[in-house]
Structures are given as C-alpha cells and as structure tokens.
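Reader: I am new to this structure. Please show it, and then I will ask about it.

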Amino acid sequence: MDFVKMHGLGNDFIVVDLLATGPDRSDGEWAELAVRLCDRHFGVGADGVLLALPSEAADVRMRIFNSDGSEAEMCGNGIRCLARYVRDRGVGGERLRVETLAGLLDLAFAEGGRAVRVDMGAPRLGAREIPVALDAERVVDQPLEVDGYRWRFTAVSMGNPHAVVFLTPEELAALPLPTVGPQVEHHPLFPARTNFHAAAVTSPHSATVRVWERGAGPTLACGTGACAVTVAGVLKGVLESPVDVTLPGGTLRIAWEPDGHVYMTGPAEYVFRGTWLG
Ligand code: ZDR
C-alpha cells in the first residue's frame with residue numbers, strides 16, 4: 001500500500017489515496033491498520049491516518065482514524081493536508097469541497113497550495129450536540145474537577161468535541177498534561193470522550209495552547225481545537241476574532257466571522273512518500 005506522509009504544524013498524518021478504488025478494506029480493518037501505521041516504533045509513525053475517497057456530494061471525501069483506531073468526525077490540520085494532496089493530483093481548482101462526517105466543508109488555497117483556508121462551518125454549542133452530559137444550551141464556564149484541579153471549562157463542537165480551560169501562562173506551563181489529559185478525555189461529562197485544550201490568553205487577539213487529543217494524546221497542534229479555543233474565548237469575552245493560536249508546532253490564524261462560520265488558515269506540508277510492507 002502506497003502512502004504519503006504529511007503534517008500541519010507537526011500534527012502528522014499518513015495519507016492513503018483511495019480516490020480510484022474506494023475503501024478497499026472494512027472499517028474494522030482500517031481501524032486496526034491505523035493503529036499499526038501510526039505506531040512510532042513498529043510502524044510509520046503519525047497522529048492519524050487520512051483516507052482520500054471519492055465523493056458524490058463533493059470533490060473528495062475524507063475519513064480520519066486516530067492513532068488509537070477510533071474514527072474522528074473532523075480534523076482541521078488533516079483536512080489541509082488532504083486538500084493539498086488531492087489538489088496536486090488534479091482534483092478541484094483554487095477551491096475544493098470536502099465531504100466529512102462533520103458535513104461538507106469549503107477550502108481555498110494560497111501560496112500555490114501550501115497554505116489552506118478552511119471554512120470550518122458554524123461551531124455547535126448545545127450540550128447535547130457537542131456532546132456534554134449537561135442540560136444546557138451553551139456550555140460556558142462549567143465546573144470540572146480533575147486530579148485535584150478545580151477548573152471552569154467551556155465546550156465547543158467543530159464537528160468533533162472539545163473542552164477548553166483558560167489558565168495563566170504559568171499554570172499552562174506547569175500543567176502535567178500526560179496525567180490530566182486522559183482523565184479529561186475519559187471524564188463522565190463527555191460521553192463521546194473529548195479533545196482537551198489548556199489555553200492562556202496573551203492578548204485579545206492571541207492565545208497559547210497545549211493540546212490533549214482524543215484518541216491520539218499530546219499532539220503538536222490541533223486545527224479543530226484552535227477553532228474551539230477561539231470560539232470559547234470569544235464566548236467568555238476574553239478573546240476577539242481574529243485570533244492567532246500558538247500551539248507547540250506553530251501558529252494558526254482563526255477567525256469567527258459575522259456569518260457565524262469559523263475560518264482556519266494554516267500550512268500543509270509534505271514529508272515523504274512510502275510503501276507499507278507490514
Ligand atoms: C485535532 C485534530 N488533529 C485537528 O487538527 O483538528 C483532529 C483529530 C481528531 C481528534 N483527535 C478527535 O476528534 O478525535
């Protein structure tokens with residue numbers, strides 16, 4: 001099986017081109033293969049596997065498997081990588097429409113395809129649609145107790161679930177993410193588990209974020225997460241759109257526009273091409 005290794009701000013993916021064939025394995029087989037491919041010692045190594053599939057509703061359909069084999073609805077950094085890849089294969093033009101489990105998303109290219117602007121759609125804020133096990137129209141500043149920490153969290157779905165806590169820069173630097181990350185991910189408040197972001201506001205238009213990804217652990221960046229942090233910060237009144245979200249792997253520009261949609265701009269880079277022999 002041939003593949004291409006790509007990354008967006010160090011959030012890295014194995015892209016498998018199934019445009020001509022469609023999904024040639026069952027979902028269970030893809031889930032199991034994703035675990036082996038993503039293993040950084042026994043496999044290729046990646047945070048997730050992206051499948052480029054034919055679509056009847058859009059130019060291309062994307063599926064994303066996390067490194068633990070679970071399937072995610074959406075992936076912000078991954079969709080930019082997949083878009084650049086299929087564009088270079090002659091699919092779409094300066095714009096591209098991608099079908100995901102989170103709906104149809106429109107993308108535009110800049111810098112010859114190296115930078116991609118994604119219309120991520122409107123955030124979903126109701127507790128039930130995120131999902132969060134609360135009965136609330138919005139989940140803003142709700143209590144969360146984990147490992148002795150007593151936080152207030154704000155939850156946002158960008159197609160996939162995110163929980164955000166705002167900390168001081170010192171608290172952010174000191175946070176033991178490997179300990180608290182899994183506890184938030186699996187907390188009973190989050191029936192579909194959750195991606196978890198600890199953020200520090202550095203100005204009305206900038207924030208620094210550390211990420212614990214559902215199904216993948218501590219990653220260098222999270223595109224949907226950067227959008228969720230921006231939305232959470234605006235809802236709380238501590239951020240103003242547009243926001244430069246700085247993650248361990250670099251910075252994404254996020255805008256929550258008057259049309260209600262969130263727009264994410266960031267890079268997509270090639271690393272290498274390979275053939276899986278496992
Ligand atoms: C965070 C992510 N890499 C992105 O860039 O948006 C998405 C990966 C999927 C995530 N781990 C999930 O929702 O399970």
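Author: Leu9 is in the loop between β1 (2-8) and β2 (11-17), where strands are DSSP E runs of at least two residues and helices are H or I runs of at least four, numbered from the N terminus. The model is predicted, so local features need pLDDT of at least 70, side-chain atom pairs count only at pLDDT 80 or more, and totals for chains, interfaces and linings use all residues. Residues are numbered from 1 along each chain as its sequence is written, and side-chain values use heavy atoms, leaving out hydrogens and water.

Reader: What is the phi of Leu9?

Author: Leu9 is not a glycine.

Reader: Which residue does a cis peptide bond join to Pro131?

Author: Pro131 belongs to the loop between β8 (115-119) and β9 (142-146). With omega at about -5°, the cis bond joins Pro131 to Ile130.

Reader: How far is a polar side-chain atom of Glu213 from a nitrogen atom of the ligand?

Author: A polar contact is a pair of N or O atoms within 3.5 Å; within protein, one must be able to donate a hydrogen and the other to accept it, and residues adjacent in sequence count only if both atoms are side-chain atoms. In the side chain of Asn160, an N or O atom is 2.9 Å from a ligand oxygen. For Glu213 and the ligand nitrogen, the distance is 2.8 Å.
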